[in-house]
Amino acid sequence: MRPYTALTIAGSDSGGGAGIQADIKTMEEWQVYGMSVLTSLTAQNTMGVREVHHVPVPFLTAQLKSIEEDLPVDAIKTGMISSKEAARTVGEWIGARRKPYVCDPVMVTASGHPLMEEETREALSEYLFPHADVVTPNIPEAETLLGMSIKTEADMEEAAGLFVEKLGSRGALIKGGHLEGEAVDVLYDGEIMRTYREARIKTDNTHGTGCTYASAIAANLARGRTLPAAVEKSKHFITEAIRHSFDLGSGSGPTNHWAGRIGEIK
Ligand SMILES: Nc1ncnc2c1ncn2[C@@H]1O[C@H](COP(=O)(O)OP(=O)(O)O)[C@@H](O)[C@H]1O
Ligand SMILES: Cc1ncc(COP(=O)(O)OP(=O)(O)O)c(N)n1
């Protein structure tokens with residue numbers, strides 16, 4: 001049996017809530033075989049990031065080569081890409097594959113630790129966005145990348161359009177977790193603007209939500225779903241993962257990747 005597969009190219013979170021750990025856990029929940037190419041190692045927990053080591057670019061290339069010579073890739077997700085050189089290497093590799101690709105432009109952790117060098121921001125639109133079916137910025141990321149302020153749903157729609165028109169991606173999903181009120185996300189696929197809306201859940205345990213959401217979208221694309229359908233399924237998935245999130249650690253706890261299976265194992 002050949003399973004659906006997805007590749008995450010991202011950083012490691014030793015605390016298990018974000019990064020490749022969240023990505024692989026999420027892919028597994030969608031019965032998609034997850035593979036990982038590590039870009040950086042973070043010494044991290046629910047309270048914050050203690051230290052970061054970036055994988056040397058030649059080793060990044062070695063990991064990509066190991067995947068390509070042996071394993072099929074149905075969809076790709078990228079997360080933490082710290083340097084311009086890493087962005088170039090990853091972007092060129094993805095460009096040669098022509099597979100569904102979700103680009104999560106992570107810049108800073110919720111705890112305030114930078115995950116990307118400042119000069120890498122421009123490299124994202126140069127090397128990664130042109131290959132992306134969808135870029136998934138949160139509000140601060142979209143504001144930084146577009147140089148605009150986002151406060152309303154109308155602003156989110158404008159931002160989604162600008163990602164496609166100015167920053168070169170095929171689609172954009174602006175995530176509204178950092179605004180107040182309902183948890184609203186806006187998707188523009190280059191043709192139609194769509195809104196995904198859920199009630200806001202009262203919790204501080206949202207560590208890893210962005211990684212989990214982007215990986216669920218990649219897993220659904222790997223399964224052959226359209227982008228709007230993949231986002232709809234993944235929005236429901238992330239909402240339940242937040243609703244059943246864990247009170248683990250002293251900081252912002254992780255989401256619950258197995259929320260959809262609660263009660264299965266007695
Ligand atoms: N408290 C919450 N209740 C319900 N949904 C939330 C909540 N916080 C975030 N979300 C949703 O989680 C997803 C991730 O959003 P966001 O927090 O903006 O991204 P990031 O983790 O990258 O900062 C989005 O679908 C957002 O609407
Ligand atoms: C290694 C690593 N990659 C990405 C993140 C950011 O995770 P995200 O889900 O976007 O948000 P927070 O967990 O920071 O709220 C990370 N922390 N570590």
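1. Let's start with ligand 1, which is surrounded by 19 residues, the closest being Asn138, Lys175, Gly177, Ala183 and Gly210 (a residue is near a molecule if its C-beta atom, placed from the backbone, lies within 6 Å of it). β8 (183–188), α7 (209–222) and α8 (227–243) each give two or more residues to this shell, and α8 gives the most, with four. Helices (H or I, at least four residues) and strands (E, at least two) are DSSP runs, numbered from the N terminus.

2. A word on provenance: this is a predicted model, where local features need pLDDT of at least 70 and side-chain atom pairs count only at pLDDT 80 or more, while totals for chains, interfaces and linings use all residues. Residues are numbered from 1 along each chain as its sequence is written, and chains are lettered from A and ligands numbered from 1 in the order in which they are written.

3. By class, the shell around ligand 1 has five nonpolar, nine polar and five charged residues. Here Ala, Val, Leu, Ile, Met, Phe, Trp, Tyr, Cys and Pro count as nonpolar, Asp, Glu, Lys and Arg as charged, and the others, Gly among them, as polar.

4. Ligand 2 also has 19 residues around it, with Gly11, Gly19, Thr109, Ala110 and Gly210 the closest. Two or more residues each come from β1 (4–13), β2 (32–45) and α7, and β1 supplies the largest share, four residues. This shell has seven nonpolar, eleven polar and one charged residues.
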